[in-house]
Structure formats: C-alpha cells, structure tokens
Amino acid sequence: QMIFQDPFSSLNPRMRVSEIIAEPLITHKICKGKELTQRVSELMEIVGLDPALKNRFPHEFSGGQRQRIGIARAIALEPDLIICDEPVSALDVSIQAQILNLLKRLQTELNLTYIFIAHGIPAVKYISDRIAVMYMGEIVEMADNEDLFRNTLHPYTNKLISTVPSLDPKNRTIGDDDAVADELNQEHGEVTGCKFASRCPFATDYCHNVRPELREHKPGH
C-alpha cells in the first residue's frame with residue numbers, strides 16, 4: 001500500500017471519509033455490512049480520528065487529519081509493506097511530528113515495513129532503520145541509521161547532514177560555496193563520470209571521466 005505526499009489531492013473530495021477508508025476493503029471483498037462499518041471505525045481509532053466524523057468529507061478536515069485518513073486507508077488491508085512518499089512534507093512542522101510518531105507506533109503494533117521517501121534528514125533519521133542516500137537518481141551511500149550519521153563516507157551525504165539547522169551558534173554555517181553548482185546547472189545529457197564531481201571538493205580528473213560503482217566499505221555500509 002501507499003501513503004501519498006499530498007493529503008489534499010490524494011483523497012477523493014466527493015467521497016465521505018467512511019467511503020474512502022472502506023474502498024480497499026470493498027474492492028478486495030474483505031468484509032461488508034456491519035462488519036465493514038465496524039472495521040472503518042476501528043481504523044479511524046487506530047490512527048487517532050474520532051469515528052463519529054466518518055460521514056464528513058475531506059475538506060472538513062485539517063491537513064494532518066487528512067493524512068491520518070490516508071494512513072487508515074493504507075493499513076486497511078493489513079499490508080506487509082507501505083511506501084511512504086514524502087508523507088509529512090506538506091504538513092506543518094508540529095503536525096509532522098505527530099504523523100511521524102503515529103507511523104512509528106503503527107510500525108511496531110502492526111509489524112509494518114516502510115519504504116520512507118523524504119528530503120528532510122531529521123525525519124529520515126527518526127523513522128528509518130536503514131538509509132539509502134540518492135543523488136540524481138543513483139544511490140551514493142547506504143548504511144544502518146546510526147552508522148550513516150556516525151561514519152559518513154560520501155561528500156553528498158555530508159552536505160545533506162550539514163544543512164540541518166543547529167541550535168549551537170558555533171555549528172551554524174552561512175551560505176554554501178558551491179550553491180550555484182547544483183544539479184540544475186549541470187550540462188544536459190549523459191554524465192560520463194561521477195554525477196557529483198562538479199560539486200565535490202575531492203574531485204579529480206578521474207572522477208569526471210569514470211563513474212564510481214557502489215562498493216562495501218565495511219559490512220552493511
């Protein structure tokens with residue numbers, strides 16, 4: 001199943017909440033009648049919504065509540081795997097924390113596996129057991145959560161981590177020396193060497209001509 005990025009456009013505005021959550025159960029002929037009604041109420045309670053609101057339409061809910069509806073729909077069929085496509089990026093920061101906590105709780109209670117796609121490093125660090133860092137469509141580093149942040153190897157991963165704001169003034173940086181040399185300003189067409197070479201402080205002529213392959217630096221990293 002899937003949890004979508006935009007809680008506004010991912011819900012049918014003409015369907016009531018009860019219909020949205022019940023749709024996968026009806027489609028796959030899981031239950032009907034009173035059993036269906038009861039299951040919808042259970043799912044709403046699981047994600048922190050009042051079942052008494054099940055006859056309302058999506059526009060009558062806040063962004064965080066709509067995302068909870070989307071989560072209820074995603075867990076309705078008791079899946080083994082849920083793809084979370086930027087599930088908190090469209091929400092206010094305070095609401096993001098609530099949704100992340102909900103996802104963590106459901107993961108434990110329902111024995112779920114997530115593929116959690118996001119740009120925000122704090123959210124990725126909080127939710128993930130294992131992290132793959134991608135640059136221009138390719139994985140550049142992959143490791144367990146703690147190992148990735150403690151023993152960062154790739155310069156792009158370092159840049160991502162360095163963008164996280166710090167409360168300590170000593171750790172704050174202003175600007176980015178190579179901000180103009182981002183992927184949007186790279187030449188169009190196939191890159192023969194490393195895609196990160198134009199931004200990498202360690203790049204040599206070799207890097208511009210030979211594309212690096214993923215290799216295991218140590219077990220699991």
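Me: Before we start, what makes a helix crossing right-handed or left-handed?

Reply: A crossing is right-handed if the near helix is turned clockwise from the far one by less than a right angle, and left-handed if anticlockwise. In this predicted model, α3 passes α4 in a right-handed crossing.

Me: Why is α3 called roughly parallel to α4?

Reply: The axes of α3 (residues 63-75) and α4 (residues 93-110) cross at roughly 20°. Angles under 35 degrees count as roughly parallel, so α3 is roughly parallel to α4. The two axes also come within 10 Å.

Me: Which residues of α3 and α4 meet?

Reply: From α3 come Gly 64, Gln 67, Arg 68, Ile 71 and Ile 75. They meet Ile 95, Gln 98, Ile 99, Leu 102, Leu 103, Leu 106 and Leu 110 of α4. By type, this contact has eight nonpolar residues, three polar and one charged.

Me: How many cavities of 30 Å³ or more does a search of the whole structure find?

Reply: The search finds one. The largest cavity holds about 40 Å³ of space.

Me: Which elements line the largest cavity with at least two residues each?

Reply: They are α5 (121-127), β4 (130-135), α6 (145-150) and α7 (155-162). The most comes from α7, with three residues.

Me: How do you know whether the lining is mainly nonpolar or charged?

Reply: Its residues divide into eight nonpolar, one polar and no charged. Among them are Ile 121, Val 133, Phe 149 and Thr 157.

Terms used:
Residues are numbered from 1 along each chain as its sequence is written. This is a predicted model: local features need pLDDT of at least 70, side-chain atom pairs count only at pLDDT 80 or more; totals for chains, interfaces and linings use all residues. Side-chain values use heavy atoms; hydrogens and water are left out. On a 1 Å grid over the protein atoms alone, a cavity is a set of points where a 1.4 Å probe fits but cannot get out, and a pocket is an open set with protein on both sides within 12 Å along at least five of seven lines; lining residues have an atom within 4 Å of a point. Grid points are joined across faces, edges and corners, and a volume is the space filled by probe spheres set on the points. Helices (H or I, at least four residues) and strands (E, at least two) are DSSP runs, numbered from the N terminus. Ala, Val, Leu, Ile, Met, Phe, Trp, Tyr, Cys and Pro count as nonpolar, Asp, Glu, Lys and Arg as charged, and the others, Gly among them, as polar. Axes are lines fitted to C-alpha atoms, for helices over the stretch in contact, and angles run from 0 to 180 degrees between N-to-C directions. Angles under 35 degrees count as roughly parallel, over 145 as roughly antiparallel, 65 to 115 as roughly perpendicular and the rest as oblique. Contact means heavy atoms within 4.5 Å.
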